[in-house]
2 protein chains.
Amino acid sequence: MSDSPRVVNRPAPESPLLPLEQHDLTEQTYQVLKERILHRQLKPGARVSVDDIAQQLRVSRTPVTAALKRLAIEGLVEIIPRRGTFVSSLTARDVEELFVVRAVIELYAARCILRDGKTDEFLRRIDGPMAKMRQASETDEYTDYPAFMEGDRDFHLALVDLTGNSRLAVVYAELNVHIQVSRAHYLNTVEDAMQALREHEAVIAAFRSRDPQAVEEALELHISNVKDRIVELLSGHGGRL
Amino acid sequence: MSDSPRVVNRPAPESPLLPLEQHDLTEQTYQVLKERILHRQLKPGARVSVDDIAQQLRVSRTPVTAALKRLAIEGLVEIIPRRGTFVSSLTARDVEELFVVRAVIELYAARCILRDGKTDEFLRRIDGPMAKMRQASETDEYTDYPAFMEGDRDFHLALVDLTGNSRLAVVYAELNVHIQVSRAHYLNTVEDAMQALREHEAVIAAFRSRDPQAVEEALELHISNVKDRIVELLSGHGGRL
DNA sequence: CCGTGAAATACTACATGTGAAACTTTACAT
DNA sequence: ATGTAAAGTTTCACATGTAGTATTTCACGG
């Protein structure tokens, strides 16, 4: 999560020489660009020139091209032949569809957890993320949005992970990058953060009660609210995120 | 779905000359290999040598490598660094997980269709696929498995398409390649085909009755049965598909 | 017979150069 | 002013060559 990803062997006194970080330039380029997009340092619609990136990172075009192709498959950038590569932007419709799929998966995961008696494990798992969110939002004067987003993400990730279904986890991870972009877009006011936090608490309370109906409702409401908030913001922005 | 995917301009009488297929070697290589894997001409575990393929297709390693990387992302092949590339094989667990996700998606889609009053549209859409399946299985003496598989696939694809959610469709399409491989594996006896056909009929009957409960049960039963059959065959095969 | 180490082999990742295709700009003519 | 044509620029896809690294093979010594 650093600005410069090239840090490898920090001068750690008397540590037994960490193996050199594998420098797979394609992988590194991919990570750097993904970071930038997820944190909105590269904004939707922005041009991403192969030569430009290659020069900045001091590598040839090959790994940059490969990284961009991978990002294109994931949908984070759009490669328009003979035009260039641009950071993808989400339309209101994209968000609607995205959050429907998200809800389908998370609701299934929640049912699984209750059915398989993994509620306690879940409650334990989200302890850290919830603490992080609280801390990030309770800091006076300013909200640590990146930390909040991380906590938010990990909360929902825990849900899916606990199904133990790795295939589902992969599918969700693919969606998640876009959800993360959305989060970065809408998490701008303290109020939104507090609202999300309250809704998470509601989900937790429902889990504590072991009432499947209540859990489904609380979770669906939360996802739906976030979606509505994003779609609302999107309308103001001329429809593109 | 032809053996040779290079066919471009079939002699279609008095049609206005289709534009020549863009010869994107990476894309073509990808398609050829995917075809081969989906039809089990390249069997799970088989080695896929870059140089080998490159020579056969008369292209350089570059497009072959790129195609393989894409197939690896989709999970159809496995690239083991410094070892080589191999066609992926599914374990019983993989199939279990795969079919859980499949069920989650298709059941949601079915609920959508009933909720949005698209039942008639669905019934119309699956008319063709069902006919194809019947014809493929009713042919005396032998069953046209490729055609049957296509019909089977299109039946389930119709379900998902009718949600109108393109993101969901993408997710499902990614799963579908593996489902298709599974189908190719288990669809070997007339009995299995007939069984699948009967179960489809049951789903259709449930849709006709407009009873959500019945639809869910019929669909879930079908998916579960197919899964069980595959897992059963997998056990006989030493656990790998 | 087994373990050890070195050479041979194979594969990956990358850089670079080339040709082709499409968009952009400019200049010109109507 | 508008439309058109040609030049210029950008970008893409591919081939080829190279270096580095992991695995395998094989020979040798225990």
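**Exercise 1. Describe how helices H9(A) and H10(A) cross and pack.**

Solution. H9(A) passes H10(A) in a left-handed crossing, meaning that the near helix is turned anticlockwise from the far one by less than a right angle. This is a predicted model, in which local features need pLDDT of at least 70, side-chain atom pairs count only at pLDDT 80 or more, and totals for chains, interfaces and linings use all residues. Residues are numbered from 1 along each chain as its sequence is written, while chains are lettered from A and ligands numbered from 1 in the order in which they are written.

Step 1: take the angle and distance. Helix H9 (residues 190-209) and helix H10 (residues 212-236) of chain A pack at about 165°, with axes 8 Å apart. Axes are lines fitted to C-alpha atoms, for helices over the stretch in contact, and angles run from 0 to 180 degrees between N-to-C directions. Helices are DSSP runs (H or I, at least four residues), as are strands (E, at least two), numbered from the N terminus.

Step 2: classify the angle. H9(A) and H10(A) are therefore roughly antiparallel, the term for angles over 145 degrees.

**Exercise 2. State the make-up of chain A.**

Solution. Step 1: count the elements. Chain A has 10 helices and 2 strands.

Step 1: From the N terminus on, they run α-α-α-β-β-α-α-α-α-α-α-α.

Step 2: Of the 241 residues in chain A, 33% are buried (20 or more other C-beta atoms within 10 Å of a residue's own, C-beta atoms being placed from the backbone).

How values were computed
Angles under 35 degrees count as roughly parallel, over 145 as roughly antiparallel, 65 to 115 as roughly perpendicular and the rest as oblique. A residue is buried if 20 or more other C-beta atoms lie within 10 Å of its own, exposed if 12 or fewer, and partly exposed in between; C-beta atoms are placed from the backbone.
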